[in-house]
Amino acid sequence: MSGKALNIGDQFPNFTADTSVGQIDFYDWMQDSWAILFSHPADFTPVCTTELSRVAALVPEFQKRGVKPIALSCDTVASHKGWIEDIKSFGKLSSFDYPIIADDKRELALKFNMLDKDEINAEGIPLTCRAVFVVDEKKKLRLSILYPATTGRNFDEILRVIDSLQLTQTKSVATPADWKQGGKCMVLPTVKAEDIPKLFPDGIETIEVPSGKSYLRITPQP
Ligand code: BEZ
């Protein structure tokens with residue numbers, strides 16, 4: 001039985017788990033930070049090794065944004081500890097500074113719908129897919145993405161989304177296609193014309209379109 005699908009804005013359920021750094025209570029471990037919980041199919045596999053190595057190298061970037069990474073696969077703590085040495089060697093890393101959850105009983109994989117029925121291990125059991133959950137400091141789910149086992153994730157994109165989420169939660173803007181930190185933003189459609197001078201004192205640019213509707217309103221990043 002799989003769990004209830006989580007939607008953006010849902011409370012992310014708390015859990016306890018064994019990890020490569022001991023047992024954790026997820027909420028206690030997060031404290032007041034955000035978290036990125038990401039699963040991968042299995043230890044000692046090639047794409048997963050590149051991903052966990054990349055996240056280890058990006059730990060300072062996640063820290064700058066107040067986000068704690070935590071990985072998950074359906075392998076044991078002993079397996080994770082052995083694999084971490086390979087990940088460090090592959091990534092030329094002197095340390096590996098985030099936990100890997102040992103979900104060898106597949107409890108969390110089922111609870112959070114992380115299993116990929118197209119990827120079966122040697123025993124005929126589904127592997128975990130490459131799920132990404134970004135959870136904010138109030139423990140609300142802010143982003144969820146599922147990738148297939150054969151496609152490694154782009155963690156620059158995940159940092160980019162976190163930047164957008166953190167910007168748009170305090171400013172009346174949304175970020176356009178391919179936006180990057182510092183790039184132009186779109187004024188939220190819900191902002192009324194009369195509120196523009198107060199919210200955007202430096203003015204905005206409105207792009208004219210055939211419909212005559214004034215919805216393409218551009219501002220420098222606030
Ligand atoms: C990998 O990490 O390379 C991988 C794992 C499971 C299926 C396909 C690829």
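**Salt bridges, rings and a ligand**

Visitor: Which residue forms a salt bridge with arginine 142?

Guide: Aspartate 136 does, and the closest N and O atoms of the two are 3.0 Å apart. A salt bridge here is a side-chain nitrogen of Lys or Arg within 4 Å of a carboxyl oxygen of Asp or Glu. This is a predicted model, in which local features need pLDDT of at least 70 and side-chain atom pairs count only at pLDDT 80 or more, while totals for chains, interfaces and linings use all residues. Residues are numbered from 1 along each chain as its sequence is written, and side-chain values use heavy atoms, with hydrogens and water left out.

Visitor: Is arginine 142 buried or exposed?

Guide: Arginine 142 is buried, and aspartate 136 is buried too. Buried means under 20% relative accessible area, exposed over 50%, and partly exposed in between (1.4 Å probe, protein chains only).

Visitor: How many salt bridges does the whole structure have?

Guide: A search of the whole structure turns up nine. One of them joins arginine 153 to glutamate 51, with 2.6 Å between the closest N and O atoms.

Visitor: Where do arginine 153 and glutamate 51 lie?

Guide: Arginine 153 is in the loop between strand E9 (141-147) and helix H6 (155-168), and glutamate 51 is in helix H2 (residues 46-57), so this pair ties together parts that are 102 residues apart in sequence. Arginine 153 and glutamate 51 are both buried. Helices (H or I, at least four residues) and strands (E, at least two) are DSSP runs, numbered from the N terminus.

Visitor: What about lysine 88, which residue does it meet in a salt bridge?

Guide: The side chain of lysine 88 meets glutamate 85, at 3.7 Å from N to O. Both lie in helix H4 (residues 77-91), three residues apart, which is about one turn of the helix. Glutamate 85 is partly exposed, with a relative accessible area of 45%.

Visitor: Which residues are linked in a network of salt bridges?

Guide: Glu61, Lys64, Arg65 and Asp163 make up such a network.

Visitor: New topic. How many aromatic pairs does the structure hold?

Guide: Eleven. Rings of Phe, Tyr and Trp (its six-membered ring) pair if their centres lie within 6.5 Å; planes under 30 degrees apart count as stacked, over 60 as edge-to-face and the rest as tilted. Phenylalanine 12 and phenylalanine 133 form a tilted pair, 5.4 Å from centre to centre with 55° between the planes.

Visitor: Where do phenylalanine 12 and phenylalanine 133 lie?

Guide: Phenylalanine 12 is in the segment before strand E1 (16-19) and phenylalanine 133 is in strand E8 (residues 130-135), so the pair ties together parts that are 121 residues apart in sequence. Phenylalanine 12 counts as buried because its relative accessibility is 0%. Phenylalanine 133 also counts as buried, at 5%. Phe12 and Phe133 belong to one aromatic cluster with Phe15, Phe26, Trp29 and Phe112.

Visitor: And the ligand, which residues surround it?

Guide: Pro41, Thr45, Pro46, Val47, Cys48, Glu119, Arg130 and Ala149 surround the ligand. A residue counts as near if one of its heavy atoms lies within 4 Å. Helix H2 gives the largest share of this shell, three residues.

Visitor: How far is an oxygen atom of the ligand from a polar backbone atom of valine 47?

Guide: The distance is 2.7 Å. A backbone N or O atom of cysteine 48 lies 2.9 Å from an oxygen atom of the ligand. For arginine 130, a side-chain N or O atom is 3.1 Å from a ligand oxygen atom.

Conventions. Polar contact = N/O pair within 3.5 Å; in protein donor to acceptor, adjacent residues only side chain to side chain.
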